[in-house]
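Please look over the sequence and the three-dimensional structure shown below before reading on. The report then takes up helices, ring pairs, loops and backbone angles in turn.

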Amino acid sequence: MGYTLGRLADKCANSHVISRRNQVLQPQQLGVGVSGGAEVAVHATRTLVSNLPAGYVVVKLDFSNAFNCVRRDLILDSIASNIPEIYRLVYSAFSCEPVLTFGSHEILSREGAQQGDPLGSLEFCEAIHPLLLKLHSSVKIGFMDDLTLSGDLHAVERDITTIMESYSETGLQLNVDKCEIITDNFTKISTLATFNDFIRVNKEDMTLLGAPVLKGKAQDKAIQDKIDDLTRAVERLKHLLAHDALVILKNSLAIPKLLRLLRISQCSDNPLLRQFADTLRTGLIIILNVDINSDQWLQASLPVGDGGLGIRSAEMPAPSAYLASAASTLLLQQSILPDSI
């Protein structure tokens, strides 16, 4: 963690340049200054995978410890070329080599963006943006160090080779054991050594940035995990005072935990949402120590100003949450995807 004043200065600098630089980094990079960037990535990937042309593949690339390994001289060169007004501030952070201590061992921090630095994400994305521009895949979706490529099999293979060969320039190394490949026909990739260690993933099992891309096993697992988390939370909340437990359930552990999934994934007709709602209702009964019938549960879902508790059912906001997210990011999705999809 940096000094408070240093972090504050970095935050001000980031606010000063981010609105200009995110326009340059889009649409290849969605992780800096893009409202709903993760949602854009998942929505665009869903459209892509649902309409994947014959012979196309999708790959998810994983870098080994990316933020700590990107070369600092590359960061400084990128900042000097693209955002010279904050170069001195960035240089002041990298001009010394902080000492990292583990037990009796000490090493110097000489590579990577500083952990917790408000400028860290921008610095990383500026450093790798030239590499993204060199790639020839039809679709390139970057969310900081999470990179997804799609296109003709051999074009994607060449791009992966380009990324591997740029290791000496960027300091980034692919962790092929965690990279994934998604396609309709895996037999075509069996003869290509580049993909030998890639994890083969079926479309319905694909996730991106922790969210399921299509309906199927991945979506069911994501919702079931939320149900399990809520069940575990209710078991612990019953040991608190009823008012405290209700506030925590309402503002932190119920719909707020599920809303990102509802916005990103089209799950309004998934029967597991009813199970989530039933679990939430059971938790409310345990906390308040009163029975809640269907009419009372409906009233509890109303806003406080209208006589309710403001605890919404999971099924109610699902369609509107997804449509709002998909519609608000449509233009950026279209800029990512080729005209043929």
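## How the elements are named

Helices (H or I, at least four residues) and strands (E, at least two) are DSSP runs, numbered from the N terminus. By this naming, M206 is found in the loop between β7 (199–200) and β8 (207–208).

This is a predicted model, in which local features need pLDDT of at least 70 and side-chain atom pairs count only at pLDDT 80 or more, while totals for chains, interfaces and linings use all residues. Residues are numbered from 1 along each chain as its sequence is written, and side-chain values use heavy atoms, with hydrogens and water left out.

M206 is buried, with a relative accessible area of 0%, where buried means under 20% relative accessible area, exposed means over 50%, and partly exposed lies in between (1.4 Å probe, protein chains only). If residues up to four places away in sequence are not counted, M206 touches T45, V49, V58, K60, I182, V201, A211, P212, V213 and A218, contact meaning heavy atoms within 4.5 Å.

L52 lies in the loop between α2 and β1 (56–61), and at 10% relative accessibility L52 counts as buried. Leaving out residues up to four places away in sequence, L52 touches V58, S150, I182, T183, D184 and K203. Of these, T183 is 131 residues from L52 in sequence, yet the two are 8.1 Å apart in space, C-alpha to C-alpha.

## Helix α6 and its kink

Helix α6 (residues 120–134) has a kink of about 40° at I128, shortly before the proline P130; the bend at a residue is the angle between axes fitted to the seven residues ending there and the seven starting there. Because 11 of the 15 residues of α6 are buried, this helix is largely enclosed by the rest of the structure. Among the buried residues are F124, I128 and L131.

## Aromatic pairs

Rings of Phe, Tyr and Trp (its six-membered ring) pair if their centres lie within 6.5 Å; planes under 30 degrees apart count as stacked, over 60 as edge-to-face and the rest as tilted. By this rule the count comes to three aromatic pairs. One of them joins F67 and F124, which are stacked, at 4.4 Å centre to centre and with 10° between the planes. Since F67 lies in helix α3 (residues 66–69) and F124 in helix α6, the pair ties together parts that are 57 residues apart in sequence. F67 counts as partly exposed at 21% relative accessibility, whereas F124 counts as buried at 0%.

The rings of Y87 and Y91 have centres 6.0 Å apart and planes at 20°, so this pair is stacked as well. Y87 and Y91 are four residues apart in helix α5 (residues 87–94), and so they are separated by about one helical turn. Both tyrosines count as partly exposed, with 27% relative accessibility for Y87 and 42% for Y91.

## Helices that pack together

Helix α9 (residues 217–237) and helix α12 (residues 272–288) pack at an angle of about 5°, with their axes 10 Å apart; axes are lines fitted to C-alpha atoms, for helices over the stretch in contact, and angles run from 0 to 180 degrees between N-to-C directions. That makes α9 roughly parallel to α12, given that angles under 35 degrees count as roughly parallel, over 145 as roughly antiparallel, 65 to 115 as roughly perpendicular and the rest as oblique.

The axes of helix α2 (residues 37–50) and helix α14 (residues 318–328) come within 10 Å and cross at roughly 90°, and α2 and α14 are therefore roughly perpendicular to each other. In this contact, E39, H43 and R46 in α2 meet Y322, S325 and A326 in α14.

## Backbone angles to notice

Most residues other than glycine have a negative phi, and most peptide bonds are trans. N65, however, has a positive phi of about 50° although it is not a glycine, and N65 is placed in the loop between β1 and α3. M144, in the loop between β4 (139–143) and β5 (146–152), likewise has a positive phi, near 55°. A cis peptide bond, with omega about -5°, joins Q26 and P27, and P27 is found in the loop between α1 (4–25) and α2.
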